[in-house]
Amino acid sequence: MNIYITGSLAYDRIMSFPDKFSNHILPDKIHILNVCFLVDGLVERFGGTAGNIAYTLALLEGKSTILSQVGKDFTAYDKHLQGFGISVEGIRTLDQEFTAGAYITTDQSDNQITGFNPGAMKYPCLYDMTQINGSDSLGIVSPGNVGDMIDHPRFYRENKIPFIFDPGQQIPALTGEQLQEAFQGAEILITNDYELELIMNSTGMSKEALLDSVEYLVTTLGDKGAVINCKGDATHINAVPVETVADPTGVGDAFRAGLLKGLSMGKSVVDSCKMGATSATFVIETDGPQEHTFTMDEFTARYEAAFGPLE
C-alpha cells in the first residue's frame, strides 16, 4: 500500500535557560517588556508532523511519501529522511525561505517561551496528486499548510481514496466551514479529547453529527488510552505502560504511524489503534520526536504484552 503523509517538516531548536523567567521579568513593567535570556546552548532536532509520522512508520517497516514544503536549510533533514528510505519526491523546496522552525526556551520551572516561524510552510506543496494510485493508497492529512489541509482531502474524497484527517494544532487556523469540508467523508477523524471539543465549537456540530460525517472517530486520551467510535459503537483501548516518561513531544504522531501501519496490513481500525498506542510508548521514553528507535521484535513484544498476539 502507498501511504501519503501531508503535514509539516520543521526544526525544533530547544534552549535551556538556567534560571526562572520570573526572576527577570518586572511585573509592573510588562508594558515595556524587553528581556534577553542567556541560554546554556541549543539542541536542534528534526520535527514536524509529517516527518515524525514518516520516521516512526519507517521503524515499523512501512514506506511512505511525504507531501510538504521546506526551505534552503533542509539538507541535513533530507539526508536523515532518505537514510530511512522515506520518499521525499513530494517535498517542495523554496529557496527564499527557511524550513519551518520552532524556537523553544525552557526555564528551570519548565515554563516555555516559543517562537514559531512557518517559513516555507506558508506555501502549498503543489504535489501532482493525480500521480496517486487510487486502488492501493491511503492518505493522512496532518497539521501543516492550510491550503494543503483543504485541497488534499478534497482530492482523496473526489477520487474515493481513503484518508485520515488529523487537524491537531492547526484547528484554530481553519474556519469551521473549512474544517467541516476537510473531514467530510474521511475514513478516520483523529484528535485528542481537547481538539475534539475545539472542532465541535468551531463547526457547531455535535459529536453525533461528526460521526455521521466520517467512518470512524478516534479520540486519544493520553495515559487513559483511546476511544474508537464507529457510528455510535464505541470501543476503548488502554494505553500501553511505559518504562519512563521523558518527553511527550511527537507521541501523537507516533500513534498515527502505528495506526497507518496497521491499516496497511489490513487490520481493523481498533487493532490498528492498538499498534498506534504501542508505537507511541517508544517516543515518550526519549527526548525528541525522532530520537527513539526500536526493532520489529521489540515492538511486537511490547504489543503482545499489552494486547495479546499480533497476528
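**First stop: helix H3**

Select H3 and pick out its buried residues: Asp148, Met149, Ile150, His152, Pro153, Phe155 and Tyr156. Buried here means under 20% relative accessible area, exposed over 50%, and partly exposed in between (1.4 Å probe, protein chains only). Before going on, a word on ground rules: this is a predicted model, where local features need pLDDT of at least 70 and side-chain atom pairs count only at pLDDT 80 or more, while totals for chains, interfaces and linings use all residues. Residues are numbered from 1 along each chain as its sequence is written, and side-chain values use heavy atoms, leaving out hydrogens and water. Helices (H or I, at least four residues) and strands (E, at least two) are DSSP runs, numbered from the N terminus.

Now show what those buried H3 residues pack against: strands E1 (2–6), E4 (64–70), E8 (137–141) and E9 (163–165), plus helix H4 (176–183). Contact means heavy atoms within 4.5 Å. At the start of H3, look for a side-chain oxygen of asparagine 145 that comes within 3.0 Å of the backbone nitrogen of glycine 147. Just after H3, lysine 160 has a positive phi of about 55 degrees.

**Next: serine 8**

Jump to the loop between E1 and strand E2 (10–16), where serine 8 sits. Is serine 8 buried or exposed? Serine 8 is buried, at 8% relative accessible area. Its side chain reaches the backbone nitrogen of threonine 49 at 2.9 Å. Leaving aside neighbours within four places in sequence, the contacts of serine 8 include Gly47, Gly48, Ser68, Met121 and Pro143.

**Then the sheet**

Colour the four strands of an open sheet, in the order E3-E2-E6-E7, with mixed pairing. Two strands pair if DSSP finds at least two bridges between them. At the edges are E3 (42–47) and E7 (112–117), each pairing on one side only. Zoom in on E6 (residues 100–106) and E7: they run antiparallel, joined by six bridges. Tyrosine 103 has glycine 115 in E7 as its bridge partner.

**Last stop: the aromatics**

Select Phe282, Phe294, Phe299, Tyr303 and Phe307, which form one aromatic cluster. Rings of Phe, Tyr and Trp (its six-membered ring) pair if their centres lie within 6.5 Å; planes under 30 degrees apart count as stacked, over 60 as edge-to-face and the rest as tilted. Tyrosine 303 and phenylalanine 307 both lie in helix H9 (residues 296–307), four residues apart, about one turn of the helix. Tyrosine 303 is buried at 4% relative accessibility, whereas phenylalanine 307 is partly exposed at 22%.

How values were computed: A polar contact is a pair of N or O atoms within 3.5 Å; within protein, one must be able to donate a hydrogen and the other to accept it, and residues adjacent in sequence count only if both atoms are side-chain atoms.
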